[in-house]
Amino acid sequence: MSILEKQVDALMRLCTAEKESERARVREEVRTLLEKQKSDRASSDPEYLIRELLLELGAPDHLVGHPYTVQAILLVVQDRTYIDSITFGLYPQLAVIFDTTASRVERAIRHLIEVTWSRGDWETLNRYFGNTVSAEKGKPTNGEFIARLTNVVKLRMREAA
């Protein structure tokens, strides 16, 4: 029986329930089924996973670089070749999508990374980036940031499948 069929069945039982205790039990069952459906959908939606991950890292979503970064990771999830050609492939593609220039896209993503690195949660940043970041620079490059988060999103999608 699919989740939708279970939801319909539970709703039918809710409509026909006579006792308040039975209605309360069925309402809770419906809530549980809806939450399960929501979590199943969220775990397979790459954009949701990306936004959740950026939030966890402490990336401010009011910065211009936030939607650029989300879209960049989405593009790399869909087509891994973008990561090999960030300057001449990914940035121009993002510039077309957002009706701006490639240099503005690059700068906005770099600014998002700088702010995330200065304000974000160190434990979380270290958990995701650990020793993959250059010790001299202290923060990842745009390419390193996008590639690492792309890998995390792909792993989470694979786990959900």
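The side chains of Arg-156 and Glu-52 form a salt bridge with an N to O distance of 4.0 Å, a salt bridge being a side-chain nitrogen of Lys or Arg within 4 Å of a carboxyl oxygen of Asp or Glu. This pair joins distant parts of the chain, with Arg-156 in helix 8 and Glu-52 in helix 3, 104 residues apart; helices are DSSP runs (H or I, at least four residues) numbered from the N terminus. The model is predicted, so that local features need pLDDT of at least 70 and side-chain atom pairs count only at pLDDT 80 or more, whereas totals for chains, interfaces and linings use all residues. Residues are numbered from 1 along each chain as its sequence is written, and side-chain values use heavy atoms, with hydrogens and water left out.

Arg-156 also meets the side chain of Glu-56 in a salt bridge (3.6 Å, N to O). Here too distant parts of the chain are linked, Glu-56 lying in helix 3 and Arg-156 in helix 8, 100 residues apart. Relative accessibility is 23% for Arg-156, 33% for Glu-52 and 29% for Glu-56. Each of these values falls in the partly exposed class, which lies between buried (under 20% relative accessible area) and exposed (over 50%), with a 1.4 Å probe and protein chains only. Glu-52, Glu-56, Arg-127 and Arg-156 are linked in a network of salt bridges. The whole structure holds 6 salt bridges, including one between Arg-107 and Glu-114 (3.9 Å, N to O).

The largest nonpolar core has 38 residues; such a core is a set of buried Ala, Val, Leu, Ile, Met, Phe, Trp, Tyr and Cys residues joined through side-chain atoms within 4.5 Å. Leu-90, Ile-109, Phe-145, Ile-146 and Leu-149 touch the most other members. Helices 3 (46-57), 4 (65-78), 5 (86-98), 6 (102-119), 7 (122-129) and 8 (142-160) each supply at least two residues, and helix 4 gives the most, with 8. Leaving aside residues up to four places away in sequence, Leu-149 touches Leu-53, Leu-54, Leu-57, Ile-73 and Phe-129, contact meaning heavy atoms within 4.5 Å.

Helix 6 packs against helix 8 at an angle of about 75°, with axes 10 Å apart; axes are lines fitted to C-alpha atoms over the stretch in contact, and angles run from 0 to 180 degrees between N-to-C directions. The two helices are therefore roughly perpendicular, a class covering 65 to 115 degrees. Glu-106, Ile-109, Arg-110, Ile-113 and Trp-117 of helix 6 meet Asn-142, Phe-145 and Ile-146 of helix 8.

Terms used:
Parallel < 35°, antiparallel > 145°, perpendicular 65-115°, else oblique.
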